Amino acid sequence: ITDAILTRMQNPEILDKPKSTFFSDCQQMSNCLNFSTQKSLLLIDEFGTGTDIYDGPALLISAINNLISREGSPRSIIATNFFEILKDENSFLEKKPLMYYMRTVLESVSSPKDISYLYQLSPGVTTTTFGIICAKHCGIPTDIIKRAQEIQETSEEYESAQTNAQEDMSHIEASIKLHLTQSIDFSSSADDLRREIQTRFKSK
């Protein structure tokens, strides 16, 4: 038995009231959090997408943590494109909720040009939203789609390069620590230590 169905769904733009779409979203989410009971059903769709890339995921994570940590947690169905927050290595979720994603069929996995939405749920987390392909299906002009793909590829390459650079720096730092701790007599004078370090790194 459900005592209430509370939703955070997409709002139409309200032109005659001084409210942003995100403001209305937050009001709906406030109702979900403040008036739900253990017997309530919450339907939350894309909460946090109306603000910046830090505020939105942070609000969503905090709301999920609040719901799953309650003694009498309401039944909740939450849909989000912030799939990064669900990854184990950078998740701030205190408990893991049951996670599913909508299955799709790609024409080509390596270079998807077309996609079919199956509207079937499978356990796990997706790694992409295929937003550009969706925009293509909706009739966005070809030149815009092409430019968006170029920007996407450049952004992914930059992100990959940053990750590799961070890994390289971690290896360098580890190597420096190793050289500093191996066979160096720290009772020696500063000049002796300096010569020892210079000798070690010149040979690399």
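Modeller: Residues are numbered from 1 along each chain as its sequence is written. In this predicted model, local features need pLDDT of at least 70, side-chain atom pairs count only at pLDDT 80 or more, and totals for chains, interfaces and linings use all residues.

Biologist: Which residues of helix 1 are called buried?

Modeller: Buried means under 20% relative accessible area, exposed over 50%, with partly exposed in between (1.4 Å probe, protein chains only). Thr21, Phe22, Ser24, Asp25, Gln28, Met29 and Cys32 of helix 1 are buried.

Biologist: Why are they placed on the same side of helix 1?

Modeller: They cover an arc of only 160° around the axis, which puts them on the same side of helix 1; the arc is that of the directions from the helix axis to the C-beta atoms. An α-helix has 3.6 residues a turn, so residues three or four places apart point the same way. On the other side of helix 1, Asn34 and Phe35 are exposed.

Biologist: What do the buried residues of helix 1 pack against?

Modeller: They pack against strand 1 (5-8), strand 2 (41-45) and helix 2, where contact means heavy atoms within 4.5 Å.

How values were computed:
Heavy atoms only, no water. Helix = DSSP H or I, 4+ residues; strand = E, 2+ residues; numbered from the N terminus.
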